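Visitor: I would like to go through this protein one question at a time. Please keep the answers plain.

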Amino acid sequence: MINFIDLFSGIGGFRLALERAGHTCVAFCEIDKYARQTYKANFNTKNETEWNDITTITDKEIKAFGEKNKTEIICGGVSPQKCYF
């Protein structure tokens with residue numbers, strides 16, 4: 001079993017795949033309040049850390065959190081509608 005952090009979590013597509021593979025989510029981050037509501041309705045997030053805005057979290061904080069929670073995977077996806085290249 002591997003612990004993971006789900007960034008830009010949306011409604012939980014990456015999480016669903018990782019949980020089906022037997023892994024455990026320890027934190028998630030989603031800025032959209034409706035996506036976050038759906039995510040929390042779909043998954044038991046009771047003992048997980050919840051972040052809303054990725055821009056308020058530093059690299060050092062994520063690294064320290066990951067080390068403390070023995071996290072081996074950080075996954076994340078972005079909506080194609082919100083990508084600006």
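Visitor: Which residues does I73 touch, not counting residues up to four places away in sequence?

Guide: This is a predicted model, so every value here is computed from it. I73 has its place in strand β4. Setting aside residues up to four places away in sequence, the residues that I73 touches are I2, N3, F4, I5 and L18.

Visitor: Is I73 buried, partly exposed or exposed?

Guide: A residue is buried under 20% relative accessible area and exposed over 50%, with partly exposed in between. The relative accessibility of I73 is 24%, so I73 counts as partly exposed.

Visitor: How far apart in space are I73 and I11, C-alpha to C-alpha?

Guide: In sequence, 62 residues separate I73 and I11. In space, C-alpha to C-alpha, the distance between I73 and I11 is 18 Å.

Visitor: In what order do the elements of the protein run from the N terminus on?

Guide: The secondary structure consists of three helices and four strands. Read from the N terminus on, the order is β-α-β-α-β-α-β.

Visitor: Why does the protein count as being as compact as a globular protein of that length?

Guide: For 85 residues, the globule rule gives 12 Å. The C-alpha trace spans about 35 × 30 × 25 Å along its principal axes. The protein is as compact as a globular protein of that length because its radius of gyration is close to the value from the rule, at 12 Å.

Visitor: What is the phi of F8 near?

Guide: Most residues other than glycine have a negative phi. F8 has its place in the loop between β1 and α1 (13-20), and its relative accessibility of 39% makes F8 partly exposed. F8 is a residue other than glycine with a positive phi, near 50°.

Visitor: Is K70 buried or exposed?

Guide: K70 is found in the loop between α3 and β4 (71-76), and its phi is also positive, near 50°. The cut-off for exposed is over 50% relative accessible area. K70 has 66%, so K70 is exposed.

Visitor: Which residues does K40 touch, not counting residues up to four places away in sequence?

Guide: K40 has its place in helix α2 (residues 33-42) and, at 38% relative accessibility, counts as partly exposed. K40 and E50 are 10 residues apart in sequence and 10.0 Å apart in space, C-alpha to C-alpha. Not counting residues up to four places away in sequence, K40 touches F28, T45 and E50.

Conventions:
Residues are numbered from 1 along each chain as its sequence is written. This is a predicted model: local features need pLDDT of at least 70, side-chain atom pairs count only at pLDDT 80 or more; totals for chains, interfaces and linings use all residues. Side-chain values use heavy atoms; hydrogens and water are left out. Helices (H or I, at least four residues) and strands (E, at least two) are DSSP runs, numbered from the N terminus. The radius of gyration is taken over C-alpha atoms; the globule rule is 2.2 Å times the number of residues to the power 0.38. Buried means under 20% relative accessible area, exposed over 50%, partly exposed in between (1.4 Å probe, protein chains only). Contact means heavy atoms within 4.5 Å.
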